[in-house]
Amino acid sequence: MIKVFHISDLHFGLEDPAALAWFGDCVRRETPDAVLVTGDLTMRARSREFAAACDWIGALEVPVTVEVGNHDLPYFNPVERFFHPYRRIGRIKDVLERELDLPGVAIVPLKTTARAQWRLDWSKGCVTRRALAKTLAAIDAQPPGTQVLVTAHHPLVEAGTSGRALTRGGEHALRELAARGVAAVLTGHVHDAFDLTKPTAQGPIRMIGAGTLSRRIRSTPPRFNALRIDAAAGAIDVTVRNLAEVPTPDMQICDIPPDAMPPRAPGEPVAPVGAVPPVDPPVH
């Protein structure tokens, strides 16, 4: 049995110190086989935010892979954003978009962030042909019988809707991943946990989202996903761990919202626990 911890949206700059300390204690006590970080290490990609994030990740002392989130690309320096977007993350470059090989299980990254897009909202996801080809090549290189998990920052689609283009190229990417028998796609970005199955023309595929360990909560308290993977049986069990000890089903939303903002309008996905903050913490 393989055990991995899936965390996302740490947002150093608006981090939750108590949640981060609790997660670090869980790692030290339980020594998971790996920690998967699906993006948004920082709030505004500032050097001091990356320094704090890199220090924290470096202290975990287990195998780690890190995806880049939209908040991790420079906001205020367009030259750096376009020509040296990862310079400030250099201290953990060895674990950035890193493939992990565990017994019977492979963790394969898929980049969904973009320096620029042909739309105004660059915070949304984009799967380029080059990024998808790199991921598919890594999957195709796995030994037969390997259970593959793909990590990305943005959910590739919204489960219950269509046409909103949360992630451009996401529908096509999901079809290609489903055709290769990928066990699940693990993401973050929306700050609430989910565990959904998306039908595609190539068969169903599971989408698992982690919540946030920051103060930018949506409808549930800070949390992370603990996955137990039985590679031989092809089974993945997901538990949403949280300091409030809320049961897993009450921590998960039943659809993926079109953005990463707190639910404010009727019909927007809200987890049963319903702990929606009155305001989003201000960003300075």
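Which exposed residues does the face of α4 turned away from its buried side carry? This is a predicted model, in which local features need pLDDT of at least 70 and side-chain atom pairs count only at pLDDT 80 or more, while totals for chains, interfaces and linings use all residues. Residues are numbered from 1 along each chain as its sequence is written, and side-chain values use heavy atoms, with hydrogens and water left out.

Helix α4 comprises residues 129-140; helices (H or I, at least four residues) and strands (E, at least two) are DSSP runs numbered from the N terminus. Its 12 residues reach 16 Å from first C-alpha to last, close to the 16 Å expected at 1.5 Å a residue, the expected span being 1.5 Å times one less than the number of residues. Ala131, Leu132, Thr135, Leu136, Ala138 and Ile139 are buried in α4. Buried denotes under 20% relative accessible area, exposed over 50%, and partly exposed in between (1.4 Å probe, protein chains only). Seen down the axis of α4, the buried residues fall within an arc of 160 degrees, so they line one face of the helix; the arc is that of the directions from the helix axis to the C-beta atoms. The face turned away from that buried side carries the exposed Arg129, Arg130 and Lys134.

Strand β1 (residues 2-7) has 6 of its 6 residues buried. Ile2, Val4 and His6 point one way, and Lys3, Phe5 and Ile7 the other. β1 pairs with β12 (residues 223-230) in the antiparallel sense over 5 bridges, pairing requiring at least two DSSP bridges between the strands. In β12, alanine 226 is the bridge partner of phenylalanine 5.
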